[in-house]
Every structure is written in C-alpha cells, then in structure tokens.
Amino acid sequence: MSAINYDLTRIKAFVFDVDGVLSPSVIPMSADGEPLRMANIKDGYALQLASKLGYKMAIITGGNTQAVFNRFSALGIKDIFQKASHKLEIFEKWISDNGLNPEEVIYMGDDIPDLKCMRKAGLPCAPHDAAWEAKETASYISRFDGGYGCVRDVVEQVLKANGEWMADDKAFGW
C-alpha cells in the first residue's frame, strides 16, 4: 500500500531538482569555492532501476557541475538540464518532447525555484526538509530529507504500484 494518495500506475516519468532533493541542502565547498555535492546510493539504485524499466527521467537544476552530469548520466538519466534559471520552460518542453501529459509526471523539488514545475506536474513531491512553500505545493511530502532517500521513497512506491519492484533480474544488478 502506497503512502502517496495518487494513482501511481499513471506515472511514466520523474523529474528531480538536485540541491536539496538528490543531494542534501548543505553543500561543502572546495578550497576554490566550488560547491561539492553528495549523492545517496539508495536513491541511485532506484534511479538506475527505473531507467532500466523504461521510465523517462530528467534533472533540472540551477547548478552546473560536471560531477552532477557524470553521476546521474551513469545511472541512465539522459536529460540533465543545468544552469536552469527558469525551470518551467525546460519542464514544459521536456514533457512535450517526450509525449507526456503532466498527470504522468512526478516533479520533486524543495524550494521556490521548483514551485512552478511542481504546480504543473501531476504529482508534485517534496523532501521532508523542503522549504515550507514547496511543502504547501506538494501533494506528497516524503518522510526522508533531501539527499537522504526521498528520491528512493517516491521511485520505489511507483515501481511497487506497478508490480516492478524486485519483479525480475533487472532489480538485482546495476
């Protein structure tokens, strides 16, 4: 039984912000001032499995680092949009380009730059530690913080609702 009050069998795609969703809200800085990001291994497992199962996925972030591109493209995410100062245009074009309806898309964001996309998505989600504005906009708030399993939480619930979680050998490898 899912904790999400939505027909998860309708979901065909996931879109995620990075900072505060795929990585914690606190970002260490390198000596030269470059932000460093952490990535959750359990989130990564769920992302690569959803990718192998054919779900469409995208990342839309205001940040711009090669590390983000390398990490998430290695998990099967092909659509990684960085330096996104206005996310909604990118989100709407991505939905259109992929032949999706907004009702088929989860968007998980944690702060004000994500609100317009969250309002457009069929199922807006937020991490437990999201800004209050994102929580007010979300239809589902994960019990996990950003960077600490909130992505795994929503992906796993969708895959379980569709009978795809640990359903075949795809689940038992990277």
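A disulfide is a pair of cysteine sulfur atoms within 2.5 Å. Keep that cut-off at hand for the opening stop. The model on screen is predicted.

**Stop 1: the cysteines**

Select Cys125 and show its sulfur. The closest cysteine sulfur belongs to Cys150, 9.3 Å away, which is too far for a bond. Cys125 is also buried, with 0% relative accessibility.

How many disulfides does the count come to? The count is 0. Now pick Cys117, which takes part in no disulfide. Its nearest cysteine sulfur is that of Cys125, at 13 Å. Cys117 is buried too, at a relative accessible area of 0%.

**Stop 2: helix H1 against helix H6**

Cys150 leads on to the next view. Select helix H6, residues 150-161, together with H1. H1 spans residues 41-52. The two helices pack at an angle of about 35°. Their axes are 8 Å apart. Is the crossing left-handed or right-handed? The crossing of H1 and H6 is left-handed.

Show side chains to see who makes the contact. From H1, pick Lys42, Asp43, Tyr45, Ala46, Leu47, Leu49 and Ala50. From H6, pick Cys150, Val151, Arg152, Val155 and Leu159. Cys150, the partner in the distance from Cys125, is thus among the H6 residues that touch H1.

**Stop 3: Ser51**

Stay on H1 and select Ser51, which lies in this helix. What does its side chain reach? Draw a distance to the backbone oxygen of Gly76: it is 3.2 Å. Then list the contacts of Ser51, skipping neighbours within four places in sequence. They are Met57, Leu75 and Gly76.

**Stop 4**

Move to helix H3, residues 87-97. Colour Lys87, Phe91, Trp94 and Ile95, which are buried. Why do these residues share one side of H3? They cover an arc of only 100° around the axis, so they sit on the same side of the helix.

Next, show what the buried residues of H3 pack against:

- strand S1 (13-16)
- strand S2 (56-60)
- strand S3 (79-81)
- strand S4 (105-108)
- helix H4 (115-120)

Met57, a contact of Ser51, falls in strand S2. Cys117, buried at 0%, falls in helix H4.

**Last stop: Gly99**

Finish just after H3, at Gly99. Check its backbone: phi is positive, about 65°.

Definitions and conventions. Residues numbered from 1 in each chain as written. Predicted model: local features only at pLDDT ≥ 70, side-chain atom pairs only at ≥ 80, totals over all residues. Heavy atoms only, no water. Buried < 20%, exposed > 50% of the residue type's maximum accessible area, 1.4 Å probe, protein only. Helix = DSSP H or I, 4+ residues; strand = E, 2+ residues; numbered from the N terminus. Arc of directions from axis to C-beta. Contact = heavy atoms within 4.5 Å. Polar contact = N/O pair within 3.5 Å; in protein donor to acceptor, adjacent residues only side chain to side chain. Axes fitted to C-alpha atoms, helices over the stretch in contact; angles between N-to-C directions. Left-handed = near helix turned anticlockwise from the far one by under 90°.
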